[in-house]
Amino acid sequence: MPRKPSPIFTDAELRLMRVLWERGSSTVADVSANVVGEPVIAFNTVQSTLRTLEAKGYVRHTEAKRVFVYEAAVGPEWAAEKAVDHIVSRFFDGMAGNLALALVRDGNLDAATRQKIAELLRDDESLV
């Protein structure tokens, strides 16, 4: 029985998805030319990774003059939500509050973000 596709993108998949999210519909050549970061991803790898993303249901294509034009079937918000769900279930025993506590404790939140969290907690008693 084939396993269910992971809702978490590999680094290479995420780099290609970011191109599709930013540019919209794109050919393989467009995606290949606009991928940022290292290592460089070869054209053939871009092509096969887009096919893999399509098989997983995260990308779809249309054909225009014998050229495949790809577009994202899921948005960046969906991807971020799935990544957070994965982290919460894998590292925090399904307890989102424990992730929030870890984020606050590690000190990497700027003052504006800490203020916003404090306001949310103060204003929404259901969160406390």
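The legends below describe close-up views of a predicted model. Residues are numbered from 1 along each chain as its sequence is written, and side-chain values use heavy atoms, with hydrogens and water left out. In this predicted model, local features need pLDDT of at least 70 and side-chain atom pairs count only at pLDDT 80 or more, while totals for chains, interfaces and linings use all residues.

**View 1. Arg15 is a buried residue without a salt bridge.** Arg15 sits in helix H1, residues 11-23. Helices (H or I, at least four residues) and strands (E, at least two) are DSSP runs, numbered from the N terminus. Buried means under 20% relative accessible area, exposed over 50%, and partly exposed in between (1.4 Å probe, protein chains only). A salt bridge is a side-chain nitrogen of Lys or Arg within 4 Å of a carboxyl oxygen of Asp or Glu. For Arg15, the nearest side chain of opposite charge is that of Glu38, 6.5 Å away. Here Lys and Arg count as positive and Asp and Glu as negative; His and the chain ends are not counted. Polar atoms of the Arg15 side chain lie 2.9 Å from the backbone oxygen of Val36 and 2.8 Å from the backbone oxygen of Pro39. Leaving out residues up to four places away in sequence, Arg15 touches Val35, Val36, Gly37, Glu38, Pro39 and Ile41. Contact means heavy atoms within 4.5 Å.

**View 2. The peptide bond from Glu38 to Pro39 is cis.** Its omega is near -5 degrees. Most peptide bonds are trans. Pro39 belongs to the loop between helix H2 (28-34) and H3. Both Glu38 and Pro39 are among the residues that Arg15 touches.

**View 3. Glu13 and Lys56 form a salt bridge.** The closest N and O atoms of this pair are 2.8 Å apart. Glu13 is buried, because its relative accessible area is 5%. Lys56 has a relative accessible area of 25% and is therefore partly exposed. The structure holds 2 salt bridges.

**View 4. Arg60 and Glu71 meet in a salt bridge between two strands.** The N to O distance between the side chains is 2.9 Å. Arg60 is partly exposed at 42% relative accessible area, and Glu71 is partly exposed at 28%.

**View 5. Lys65 and Arg66 have positive phi values in the loop between E2 and E3.** Phi of Lys65 is near 50 degrees, and that of Arg66 is about 65 degrees. Neither residue is a glycine. Most residues other than glycine have a negative phi. Lys65 counts as exposed because its relative accessibility is 82%. Arg66 is also exposed, with a relative accessible area of 79%.

**View 6. Ser26 is buried in strand E1.** This strand covers residues 26-27. The relative accessible area of Ser26 is 0%, so the residue counts as buried. The Ser26 side chain reaches the backbone oxygen of Gly24 at 2.9 Å. Not counting residues up to four places away in sequence, Ser26 touches Leu20, Val31, Phe68, Val69 and Tyr70.

**View 7. Val104, Ile117 and Leu121 form a nonpolar surface patch.** Together these residues have about 200 Å² of accessible area. Accessible areas come from the Shrake-Rupley method with a 1.4 Å probe; for residues, only the protein chains shown count as cover. Patches are made of residues with over 30% relative accessible area and no salt bridge; like charges are joined within 9 Å, and nonpolar side chains (Val, Leu, Ile, Met, Phe, Trp, Tyr) within 5 Å. Val104 lies in helix H5 (residues 96-105) and is partly exposed at 33% relative accessibility.

**View 8. Leu120 is partly exposed in helix H6.** Helix H6 covers residues 111-123. The relative accessibility of Leu120 is 44%. Between Leu120 and Trp21, 99 residues apart along the chain, the C-alpha atoms are separated by 30 Å.

Note on methods:
A polar contact is a pair of N or O atoms within 3.5 Å; within protein, one must be able to donate a hydrogen and the other to accept it, and residues adjacent in sequence count only if both atoms are side-chain atoms.
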